[in-house]
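Please keep the sequence and the structure at hand while reading.

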Amino acid sequence: MRRFLTSLLIAAAVLTSVPAFAMQVVPPGNRHAEQPDIPGASVRRTKGTKSTFDRKYDKVHDLLASDHELMAKIRKVSAAYGIDPIHVIGAIVGEHTYNVDAYDRLQSYYVKAASYAGESFRFAYSGEDVDDFIKRPQFAECNGKSDSYTLWSCREDVWESDFRGKTVDGKSYPNNRFSAVFFQPFYAGQTFGLGQINPLTALMLTDLVSKVSGYEKLNEKDAGSVYKAIMQPDISLAFVAASIRRSIDDYKQIAGMDISKNPGLTATLYNVGNSRQRAAALAAKNRASGETVWPEENYYGWLVNDKLDELERLP
């Protein structure tokens, strides 16, 4: 029932979205006067490395300011996906300020661990490969979806409605996200590389990235190739840009709102994910209220908007 309601909400939002000529452009800047609360896990992780958010921000800012080759790649990939480079910059800055350190030893360990593991690891939970898991009858409705984004989004919806926190056929499943249960490597941290891409996100966006950037399509049967793609800087940047492009398109098509002029919002969506569902929820809220309710930034996006002037001055 929850899956049906989610699909119905998204379909209704698409059918009743504001026409293109009446598209609402979300104003720049933050809706919150003060930064929203930062999650405790991020606070503890930063304290554990004897650092601060200010220091981590300065590190990633200095890295971007001094690495002219990287900045050139960011501009190039942004142009390919039709977005302003500030959106990619914002995503990278947010990740390395709140989730990892630009020079985090632990992150380096994960990268090395993955490279040494080669093909010995897989996407699985409790001994069951995700490729076998998605063959269960609950996922039958997803089989006709040919695009990787709609296909894996459907599978994620099925997980949420039919498996998350439930016991199915005598097997219990954690009350956690699909990406965390089946796609979490080494039981510690589930994102990798420059853009901290989640393996499930990479699988969702692989068709778009293949079409625009020409990289080989990924699939869940070859975990090694997925990790290699999201850790290789050039390919990782393509997935960052594709994720942002997808969020912008979702909000236009579903909520009738153009968020492309507000990097704090695209950074927020990069951080929290699920842009389809969030756009549909916003569209429903606007219809119910009869007024314009703007999307809001979280702590991560708030920083990007707050630092926008200096981020836009990066070479």
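## Surface and model

The accessible surface of the chain amounts to about 15300 Å², and 51% of this area belongs to carbon and sulfur atoms. Such areas come from the Shrake-Rupley method with a 1.4 Å probe, and for residues only the protein chains shown count as cover.

The model is predicted: local features need pLDDT of at least 70, side-chain atom pairs count only at pLDDT 80 or more, and totals for chains, interfaces and linings use all residues. Residues are numbered from 1 along each chain as its sequence is written, and side-chain values use heavy atoms, with hydrogens and water left out.

## Overall organisation

The chain contains 16 helices and six strands. These elements are DSSP runs numbered from the N terminus, with helices (H or I) of at least four residues and strands (E) of at least two.

Of the 315 residues in the chain, 49% are buried. Buried denotes under 20% relative accessible area, exposed over 50%, and partly exposed in between (1.4 Å probe, protein chains only). Among contacts in the chain with a separation of 6 or more, 74% are between residues 24 or more positions apart; a contact requires heavy atoms within 4.5 Å.

Arg276 and Asp157 form a salt bridge with an N to O distance of 3.1 Å. Here helix H14 (residues 275–289), which holds Arg276, is linked to helix H8 (residues 148–163), which holds Asp157; the two residues are 119 residues apart. Arg276 has a relative accessible area of 14% and is therefore buried. Asp157 is buried as well, at 8%.

The side chains of Lys171 and Glu128 meet in a salt bridge of 3.1 Å, N to O. Lys171 lies in strand S5 (residues 171–172) and Glu128 in strand S3 (residues 128–129), 43 residues apart. Lys171 counts as buried because its relative accessibility is 18%, and Glu128 is buried at 14%.

Definitions and conventions: A salt bridge is a side-chain nitrogen of Lys or Arg within 4 Å of a carboxyl oxygen of Asp or Glu.
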